[in-house]
Amino acid sequence: MTHTVQTSVSQANDVQPMLSIVIAVLDEQDNLPQVCRELAEACQSLPPSEVVFVNDGSRDNTVAVLRQLRRECLPNLRILSHDRCCGKSAGLRTGITAAKGQWIATIDGDGQDDPRELPRLLALARAAAGRPPLVVGVRAKRRDNWSRRFATRFANGLRQKLLQDHCPDTGAPIKIFLREDFLRLPQFEGLHRFLPALFASYGVPLVCHPVSHRPRLHGQSKYTNLNRAIVGVRDLLGVMWLRNRTRLPHTVDEC
């Protein structure tokens, strides 16, 4: 049995992935076993893929649990660690920069997202005509408490009104996009909540598709509604400024 696992790891490392699934986590040790098992199942229906977890300064046993799960069920798992907590956007930037796949998928590590949605969303991205899009998995029915749902609905409405991003669930964790498109974006904490608007500034089309959403398995969200509101308004003003100051040519010709 040990020999079989080692061979699988070697084969997983030898194949160039088409898709990199990037997940930033902070103190999620209790949620990781189910998340990784579902990722292993989803990878069976995906083209060659890797899973990149970014440990954003966790103080629990997140890294040890991930190492064990890599041995048990997910040989294509990579683990990157920040020496301190830098925030979700920084974690995603770290993972996407290190990713080997042309396509990037993001999900959360708390078990609320179903990785088995990924094959369908990737198929939509690859089948789109013209420029490859940003595909957002819109949470059709939120499984959060009422205060969180209200705060999210208010924030999404405000963002849509001011940014005109045409996305009903801007902060949805499940997204698929080209790695090179993401790396063109300016880096700031909170970036992940504004991807539809920022991608649009660079001419990337948007595709929205409903996905399932589940209650958090264990633990609590790392953000309070008040924290989200205060930081969100500041970030929203910054993104409005960024979009207003972005100037890009439609074409570039070499003469």
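**View 1. Asp83 sits in the loop between strand 3 and helix 4 (88-98).** Helices (H or I, at least four residues) and strands (E, at least two) are DSSP runs here, numbered from the N terminus. This is a predicted model, in which local features need pLDDT of at least 70 and side-chain atom pairs count only at pLDDT 80 or more, while totals for chains, interfaces and linings use all residues. Residues are numbered from 1 along each chain as its sequence is written, and side-chain values use heavy atoms, with hydrogens and water left out. Asp83 is exposed, with a relative accessible area of 75%; exposed means over 50%, buried under 20% and partly exposed in between (1.4 Å probe, protein chains only). Look for Asn55 as well: its C-alpha atom is 8.9 Å from that of Asp83, although the two residues are 28 apart along the chain.

**View 2. Arg78 and Glu50 join strand 3 to strand 2.** Their side chains meet in a salt bridge, at 3.1 Å from N to O. The term covers a side-chain nitrogen of Lys or Arg within 4 Å of a carboxyl oxygen of Asp or Glu. Arg78 belongs to strand 3 (residues 77-82) and Glu50 to strand 2 (residues 49-56), so the pair ties together parts that are 28 residues apart in sequence. A search of the whole structure turns up ten salt bridges.

**View 3. Arg214 and Asp114 make a salt bridge between two loops.** Their closest N and O atoms are 4.0 Å apart. Arg214 comes from the loop between strand 7 and helix 9 (225-245), and Asp114 from the loop between strand 4 (103-106) and helix 5 (118-127), so this pair ties together parts that are 100 residues apart in sequence. Arg214 counts as buried at 18% relative accessibility, and Asp114 is buried too, at 11%.

**View 4. Glu38 is part of a salt-bridge network.** The members are Glu38, Glu41, Asp114, Arg116 and Arg214. Glu38 itself is found in helix 2 (residues 32-43) and is buried, with a relative accessible area of 8%. Leaving aside residues up to four places away in sequence, Glu38 touches Asp113, Asp114, Pro115, Arg116 and Arg214, where contact means heavy atoms within 4.5 Å.

**View 5. Glu117 pairs up with Arg120.** In this salt bridge the closest N and O atoms are 2.2 Å apart. Glu117 is buried, with a relative accessible area of 8%, while Arg120 counts as partly exposed at 40%.

**View 6. Strand 5 (residues 134-139) is largely enclosed by the rest of the structure.**

**View 7. Strand 5 pairs with strand 7 and with strand 6.** Two strands pair if DSSP finds at least two bridges between them. With strand 7 (residues 206-211), the pairing is parallel and runs over six bridges; the partner of Gly137 there is His209. With strand 6 (residues 175-178), strand 5 pairs in the antiparallel sense over two bridges, and Val136 has Lys175 as its bridge partner.
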